[in-house]
Amino acid sequence: MFTIGEFSKITGLSIKTLRFYHEEGLLVPTSIDDATGYRFYDGSLVELARTIAFLKSLEFSLAEIREILGREQNEAALVAALERQRKVIDERIRKLRAVAKSLDQFLQEQREGKMLTTTTEFQCEEKTLPPMKVAALRMHAPFSECGKGFSQLGRAFWSKSNGPPLMLCYDGEYQEVANYEVCFPVKGGQSTGQIEVRDLPGGRCVSLLHKGPYDQISRSYAKAMAYAKEKGHALKLPCREVYLKGPGMIFRGNPKNYLTEIQLMVEDGVTKP
């Protein structure tokens, strides 16, 4: 018979843990001294203690361990439980690898995005945009679905296109379901179905070129809006995004080389204090 201290040393379980397992009914001492309350453990309990410790290290709950140890076919139940736990661990590893890959990508994008916002290659400027005729398709959808709209425009007005495609953004704040128009500058043509051909007025704007993926464009927006605030400009909707270089109709290209011009339209003669 071993004292609780000796049993602790043999099994690698602390005395506190052994007392807890006793209270939970997982590992009951062979005998308890009525006078002192000291716990004593028979050598036959060593393997049980090690099994419990091993299962706990695999993150089985105490309820699961109790269920495994309480079955008649202990060995078969243990093997089945370990096989299930191996599948759980494999799935966790798969998810962690995916998380690590996403984290690496995010960190890389953070570094590249920071470089873009600090580079002197692209700086804010103010200019006046001329009016233009556009074929426009209004959409109420996530921005990720704008490609469907551009495809619809392309099928109807590709032969009449007269410049890079653009988007008019009507929301003054972030919306998951956004309000925007996808547009083609066109030489002419008539409205058809959901597509409206109309004159888009010109006006003054704060312009900034953004180079890189679309999911990094928020940094350039921040830079352009900070410039507008510094200059005291009052902005008006819709703002514009002009896609100077982006995914083609067939080949997507490298998103790092996408070139988008942000145009924040400015109220003429209106400044903010």
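Modeller: Let's start with Ala-136: beyond its neighbours within four places in sequence, Ala-136 is in contact (heavy atoms within 4.5 Å) with Leu-153, Glu-181, Val-182, Cys-183, Gln-194, Ile-195, Glu-196 and Arg-198. Bear in mind that this is a predicted model, where local features need pLDDT of at least 70, side-chain atom pairs count only at pLDDT 80 or more, and totals for chains, interfaces and linings use all residues. Numbering runs from 1 along each chain as its sequence is written, and side-chain values use heavy atoms, leaving out hydrogens and water.

Colleague: What makes S5 and S7 a pair?

Modeller: Pairing takes at least two DSSP bridges between the strands. S5 and S7 (residues 178–185) have 8, in the antiparallel sense, with His-140 opposite Asn-179 in S7. S5 (residues 132–141) is also the strand that holds Ala-136. S8 (residues 195–200) is joined to S5 by 6 bridges, again antiparallel, and Val-197 in S8 is the bridge partner of Ala-135.

Colleague: Why are H1 and H3 called oblique?

Modeller: Under 35 degrees is roughly parallel, over 145 roughly antiparallel, 65 to 115 roughly perpendicular, and the rest oblique. H1 (residues 4–11) and H3 (residues 46–57) pack at about 55°, axes 10 Å apart, and are therefore oblique to each other. Phe-7, Ile-10 and Thr-11 of H1 make the contact with Val-46, Ala-49 and Arg-50 of H3.

Note on methods: Axes are lines fitted to C-alpha atoms, for helices over the stretch in contact, and angles run from 0 to 180 degrees between N-to-C directions. Helices (H or I, at least four residues) and strands (E, at least two) are DSSP runs, numbered from the N terminus.
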